[in-house]
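Trainee: I would like to go through this structure with you. May I start with a pocket and then turn to a helix?

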Amino acid sequence: MFAGKRYVILGAARQGKALAAFVAARGARVILNDAQPREKVDLSGLENSAGIETVFGAHPLELLDACDVLCLSGGVPIDLPIVLEARRRGIPLSNDAQIFFELCPAPIIGITGSAGKTTTTTLVGEILKNAESRVPNSEQSSDAGLGTRRSVWVGGNIGNPLIGDLLRIQPTDRVVIELSSFQLEQMTRSPHIACITNITPNHLDRHGTMDAYVAAKKRIIDFQTAGDVQVLCADDPVSRALNTAARTIWFSLNDEPAGEGAWMDDAGFLRVRAGGIDGAICHRRELQLMGVHNIVNVLAASAICAAAGAPIEAMRAVATSFKGVAHRLQWVGEINGARYYDDSIATAPERLIAALRCFEQPVILLCGGRDKHLPWADAAAQMRARCKRVVLFGEMAPMVADALRAAGVDAAAVTRCDTLEQAVEAARAAALPGDVVLLSPGGTSYDAYKDFAQRGDHFSQLVTLSATRG
């Protein structure tokens, strides 16, 4: 499959580097290509990888000469001239997730969505690990063939590309992978259990239209068969319209599904009825995660894990103890009685709205970054209703200021800054004891940072530094 073939890989970030190392180790000739100049590309991890040539600064069409497979990393648009030319020449397109699906010996649980996919993926991984911890060690089991604990592998778009772990994954293991729309639009395989957390406007700067974005997300279930499972949100009108040959398990915050599903009842208990399980997981007050949207994430994860055969005890243990993923409404400090939260993952207006709804205290919102060509009217209305002050920063600050003006927000309640550092100082100057200072940008980080995690880390550092000054 790889030996002697020429692979051209576009994008030298985490996914591209992992794929380059993997195929080169199997005898492929690799060209790793990135449009950024060499000095801006981190090639750590490839120091001992033979057979990898690098090209930086552009995507020259000459790379396609003698190319057998063109692989696109997640952030690489499919309408680049080199990609269009590859299609014209009939060169196959692939990516790290597609190759992983083709070679993985274990059943795969795949999760995508406009919001909540990382938290849901992490919850599923933790529940399955908890379930495995309840299996006795094989030497303690008196029944032949019982008591063997399986490894749980969690990765994909969430961080670890997983392709580097393929040789260690066993057929009996469990694999949980987060998939982005960027990865899915090239893929021709679906996981055994596929979940779409929701589909709302996002990444329209990349996909162009909502129809194209929905089509990319839907590919996670497009190739399923009757023996597979799709886990869908009954509260999401786009998801309700999706359908494949697979068995469907619904999750809902509002209504008990007619068949298999997970939901919250009128008394506030999270319940699941699927995979032979029928019972209460816990009460919403027992959850450690903040926000209604995280109740939905727990329901989605429980539906997935029921389909995967996890016991309800494992769901309950994780639901009542899991405190969240970094940069997702993460408390980072307190200054003069005001609490600071990092929600840097909020790269779309809808995520910003969900974050605002988590707080009853007065909110000073830090909003900014790079816009994804998404509508802002609803977010601006929520800011008017819920924020005592909005501090704008970054590339899209003028655009959001216009949206706030159109929503009737008093200009005196809006502060404009160039950088996140200035925004933190402006927020501190406005904050009183009992206030919440919330970084929930609503835009991507790419105007100033390599990703949302770097932006969130910088915010945390700025808060810590500001706190030391008293």
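Trainee: Which helix gives the largest share of the lining of the second largest pocket?
Mentor: Helix 11 does, with six residues. Helices (H or I, at least four residues) and strands (E, at least two) are DSSP runs, numbered from the N terminus. A pocket is an open set of points on a 1 Å grid over the protein atoms alone, where a 1.4 Å probe fits, with protein on both sides within 12 Å along at least five of seven lines; lining residues have an atom within 4 Å of a point. This is a predicted model, in which local features need pLDDT of at least 70 and side-chain atom pairs 80 or more, while totals for chains, interfaces and linings use all residues. Residues are numbered from 1 along each chain as its sequence is written, and side-chain values use heavy atoms, without hydrogens and water.

Trainee: How much space lies in that second largest pocket?
Mentor: About 1100 Å³, taken as the space filled by probe spheres set on the points, which are joined across faces, edges and corners. Of its 48 lining residues, the closest to the centre include His293 and Glu350.

Trainee: Changing topic, which residues of helix 2 are buried?
Mentor: Ile82, Val83, Glu85 and Ala86 are buried (under 20% relative accessible area; exposed is over 50%, partly exposed in between, with a 1.4 Å probe and protein chains only).
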